There are 2 protein chains.
Amino acid sequence: IKKATGIFMTGGNQLRLSSVIGGTKLGAAVLDAHGRGVVVAGTSAGASAVATHMMAFGSSGATPKHRMAHVSVGLGLLVNVVVDQHFEQRTRLGRLLAVVAQSPSLIGLGLDEDTAAVIDANDILDVIGRGSVTIVDGSDVITDAFQTTGHKPMMVSNARLHSLPSGYRFDLRARRVLPLDDSKRERIAQLAQGRIARMVRQAAAEGRDDRALERRRARHEDQKASE
Amino acid sequence: IKKATGIFMTGGNQLRLSSVIGGTKLGAAVLDAHGRGVVVAGTSAGASAVATHMMAFGSSGATPKHRMAHVSVGLGLLVNVVVDQHFEQRTRLGRLLAVVAQSPSLIGLGLDEDTAAVIDANDILDVIGRGSVTIVDGSDVITDAFQTTGHKPMMVSNARLHSLPSGYRFDLRARRVLPLDDSKRERIAQLAQGRIARMVRQAAAEGRDDRALERRRARHEDQKASE
């Protein structure tokens, strides 16, 4: 990790990622690498795990309800966001709204499948891919999240919602969408796709050993449990 | 209809409702009745049809996309809203966001199943029932809805989202949630439940004739097509 110029975390089970790596020398090395400018990327569970407050697991649905989302400690690369994935495909707006209503300092990021949020050192988020990134800003939220009980729906009023397809950028500090910049957009998309393709090829090459099937099976069990 | 003190429209196919009733003497009579203070209620397709701009049909999903929602002329009882139903159960946020982004003068109302929005003469909306009413306010929306093509995701930024469970009220003119009023809440819920129960019993009694099964079959076909 000390020599890596890019780190990519695969999917599976973010609680496994955070509980195996979090707080270890490996976790610290990933954090250090990120601090010195190494690109850290992840898909599915690997995307959720980058946040300080990690969406660990929860239930589906568009309406926010009490006890819908469970948050735990992530790897700490992004301190001001909570990341959810398979967002449109598994209908996870409800649980993202629930977390942001309870913790308005966090910006909720919901990533559709085949879609990425590229966040640079200035906290500018760039969307690339086939779907959209949903951003939930709870700055002005009025809620009864603190007094809802059981699994009842909670009141969330005044949440600001942004749904941004490929090419759009969002300033996570100012919490607003930025004007479209076509030239920059294509350059970033090309750069990112090239880098990710290289990383995936490399990971695939390294993964060709006897235990690949065994690992795949174990991963599948994990996924069903809590991805 | 001229002597009715309450009108209840069942579910099925809102395009059938609007194309059979809209623009006829029956449609005008319903509108007149509403004007003189008669309570007009509807479930499913019957709820969508009350608006001037009616959500006719569309596709599911949480992310707004071009060509996702089709709007047509409704019965005209509510001029400033567009109503969608089975909201959480069929994941219809995307199409509601798409309509509101294209027409920010409309307030989007998404009704979960077993949940009602009771709107009084002052445009105060009261939520009763098991789920929530989702309200989308596009007053400050920034969008590229006018230039998206095909079935691609559209950019919608700064949509205000409210998710209100039973007991909460929303001022549709001021576009803001109102403080909780427990005494009023219970009174309205009791009144509404009593009235609706009576109407349903009456409708059930009147419906006991030879052609009930035939009608139910026809309705089922309609539902699959476009409810």
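**Cavity.** I began with the lining of the largest cavity, which is made by F87(A), L93(A), T134(A), L161(A), S163(A), A62(B), L93(B) and L97(B). I am working with a predicted model, where local features need pLDDT of at least 70, side-chain atom pairs count only at pLDDT 80 or more, and totals for chains, interfaces and linings use all residues. Residues are numbered from 1 along each chain as its sequence is written, chains are lettered from A and ligands numbered from 1 in the order in which they are written, and side-chain values use heavy atoms, with hydrogens and water left out.

I noted what a cavity is: on a 1 Å grid over the protein atoms alone, a set of points where a 1.4 Å probe fits but cannot get out, with lining residues having an atom within 4 Å of a point. Two elements give two or more residues to this lining: strand 11 (156-165) of chain A and helix 4 (93-102) of chain B. Helices (H or I, at least four residues) and strands (E, at least two) are DSSP runs, numbered from the N terminus.

How many cavities of 30 Å³ or more does a search of the whole structure find? I found one, and the largest cavity holds about 40 Å³ of space; a volume here is the space filled by probe spheres set on the grid points. I sorted its lining into six nonpolar, two polar and no charged residues. Ala, Val, Leu, Ile, Met, Phe, Trp, Tyr, Cys and Pro count as nonpolar, Asp, Glu, Lys and Arg as charged, and the others, Gly among them, as polar.

**Interface.** Next I looked at where the chains meet: 31 residues of chain A contact 31 residues of chain B (contact means heavy atoms within 4.5 Å). The two chains bury about 2600 Å² between them, 50% of it on carbon and sulfur atoms. Buried area is the accessible area (1.4 Å probe) that two parts lose on being put together, summed over both. On the chain A side, E88(A), R160(A) and L161(A) lose the most area, together 22% of what that side buries.

Technical notes
1 Å grid on protein atoms, 1.4 Å probe; cavity = no way out; pocket = protein on both sides within 12 Å on 5 of 7 lines; lining within 4 Å.
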